[in-house]
Every structure is written in C-alpha cells, then in structure tokens.
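Dear colleague,

Please find below the structure that I am handing over to you.

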Amino acid sequence: MTVEMKPGVGPVLPEPLIKPDDISTLKTPVDVHSTLNYVFEAITLTRHRLNGKVPLIGFSGAPWTLMCYMIEGGGSKTMSKAKHWLYKYPAESHTLLNILSVVVIDYLVGQASAGAQLLQVFESNAEYLGPDMFKKFALPYISSIAKTVKSKLKALNIDVPMTIFAKGAHYCIQDLSNSGYDIVGIDWTIDPSVARQAAGNKVTLQGNLDPCALYSSKENLPNLVKEMVSKFGKSRYIANLGHGIYPDMDPESVRIFVETVHSF
C-alpha cells in the first residue's frame, strides 16, 4: 500500500482498505529482503558508525496497529473503521493479521541479521481493544511473532532480546509477560507496583514516566523520576518514558531525566 509521511500529521494511506475484498489487492507474499533492503543496509551502516558506543534498537509495528492504519487511512481517535472489521468480518480480519504477521517476522529477522541488538514490537493501538478483543485479535499474533523470530534467529546463531510495548494494555500485562518477550513496556496509566505484581519476576519491565512530566520544572522533574524508579526497584527494570517524546520538549529535560536515573 502507498504510505505518505505528512509533516504534522504522520503516516497517511491515501487508498485504505474499505471492504474485505480489498485484501486481494495487496501484494502478498512480500519479499521483505528486496523491498526493504535499504532499511537493512542503513542498520548495518549505523551499527558500524556507532562503534559500540550505544546499542542499536530495531522495531516494527504490531499487526493490529498496522491493520488500523491500513483501514483507517491514518491516525484515528476511535479506530472505529478497523474495529468494524473485527466485529463484522472476524475471519477476514484474521486473514489480514496473518499476512501482516508474516511480513513483520521477516522484517524483524532482517533487522537483527543486519545488526540490530534489540527488537521492539509496538502495539500502539492496544488501548482501543478491551481484554477479550485483545486476546482474540492482538495477543496471538504478538506471541507468534516472538516465538517465530526467536526460532529463526536461533538458526542463524543470533540472540537478541525482544520487547513488547502495547500502549493502554494494562488489562493484559500478565498475558504479555507470558507471550515470549524478554521485556514488557508499560505506559504511564498504571502504577509500577501493580504492573510488577501482574508481570511477576520473569520479565523485565520498561517505563513508565508520563512524557508530559518533562514539562515539569527542572527542580521538580528529578523528584518525579526518583519516585518512579523507587516503585519499580532495580531488578529487571529499564527506566523509560511511558510513551514517545513530544517534539516541543526541551532536550535539557531529557538530560535531567537520564542523569537522575543514573545517579539514583
């Protein structure tokens, strides 16, 4: 599908999928290694240029989130068109999610083979699904991606950790912790102690400072960071924001965040 990146808007797909018959217009199977080889070349080049100073993270959107873009044609406040498919065309929805899973698996394996040292899968639209729909239309594919990617990488003698971040899926942290990933990212809407109780101690948690906390004063921001780290503890934990950083944030606040974590 054609994807346009529009400034101030984000990804736009000018010819979205309208009805299930439109799935037949998609090019499948996709030869990821020829179609996206420029990504893999960029990863290898970047890995060399980094010269071991910091690790290089690869990533992909997860099937349900990608499906939303393909049907909505871009971002949405409700994802009602995509959810319409889940309720009215469940079989065809699974067909599309399967197609996407295969491509995501090849894409992630290609990134790790090219030099990515950790792989993160973003189910950014998990918040639009409740527990039942998430377990039916998101979790099986998330789990399959982790299992298959790790199996394929093992055959290549490549071992990289994998992170799943399902924004708004605080209702499924226990399921996510059993989905085959090494790390579960959580957003800022859940208390860290509740997340740890749900996840248990077998996975690493990542998160979860409210990104808007970076708008706080330079004097108060360290207090917010210390409070977060205190709740998570130092075992099986990666400090991070609870979602992406916003364009208008002061880089100085990011420096304070990082240095506070290191000092604490």
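This is a predicted model: local features need pLDDT of at least 70, side-chain atom pairs count only at pLDDT 80 or more; totals for chains, interfaces and linings use all residues.

Residues are numbered from 1 along each chain as its sequence is written, and side-chain values use heavy atoms, with hydrogens and water left out.

Salt bridges

Across the whole structure, the search gave 11 salt bridges (a side-chain nitrogen of Lys or Arg within 4 Å of a carboxyl oxygen of Asp or Glu). Side chains of opposite charge can pair when their charged atoms come close.

Three residues, Asp191, Glu227 and Lys231, are joined in a network of such bridges. Lys231 pairs with Asp191, with 3.2 Å between the closest N and O atoms. Because Lys231 belongs to helix α10 (residues 221-232) and Asp191 to the loop between β6 (183-185) and α9 (192-199), this pair ties together parts that are 40 residues apart in sequence. Helices (H or I, at least four residues) and strands (E, at least two) are DSSP runs, numbered from the N terminus. Lys231 also pairs with Glu227, here with 3.9 Å between the closest N and O atoms. Glu227 and Lys231 are 4 residues apart in helix α10, which means that about one helical turn separates them.

As for accessibility, Lys231 is partly exposed at 39% relative accessible area (buried is under 20%, exposed over 50%, partly exposed in between, with a 1.4 Å probe and protein chains only). Asp191, at 29%, is partly exposed, and Glu227 is partly exposed at 43%.

Another salt bridge links the side chains of Glu4 and Lys6, at 3.9 Å from N to O. Glu4 has a relative accessible area of 32% and is partly exposed; Lys6, at 40%, is partly exposed.

The search of the whole structure gave 1 cavity of 30 Å³ or more (on a 1 Å grid over the protein atoms alone, a set of points where a 1.4 Å probe fits but cannot get out; lining residues have an atom within 4 Å of a point). The largest cavity holds about 60 Å³ of space. Its lining includes Ala166, His170, Leu176, Val184 and Asp187. Both α8 (173-177) and β6 supply at least two residues of that lining.

Yours sincerely

Definitions and conventions. On a 1 Å grid over the protein atoms alone, a cavity is a set of points where a 1.4 Å probe fits but cannot get out, and a pocket is an open set with protein on both sides within 12 Å along at least five of seven lines; lining residues have an atom within 4 Å of a point. Grid points are joined across faces, edges and corners, and a volume is the space filled by probe spheres set on the points.
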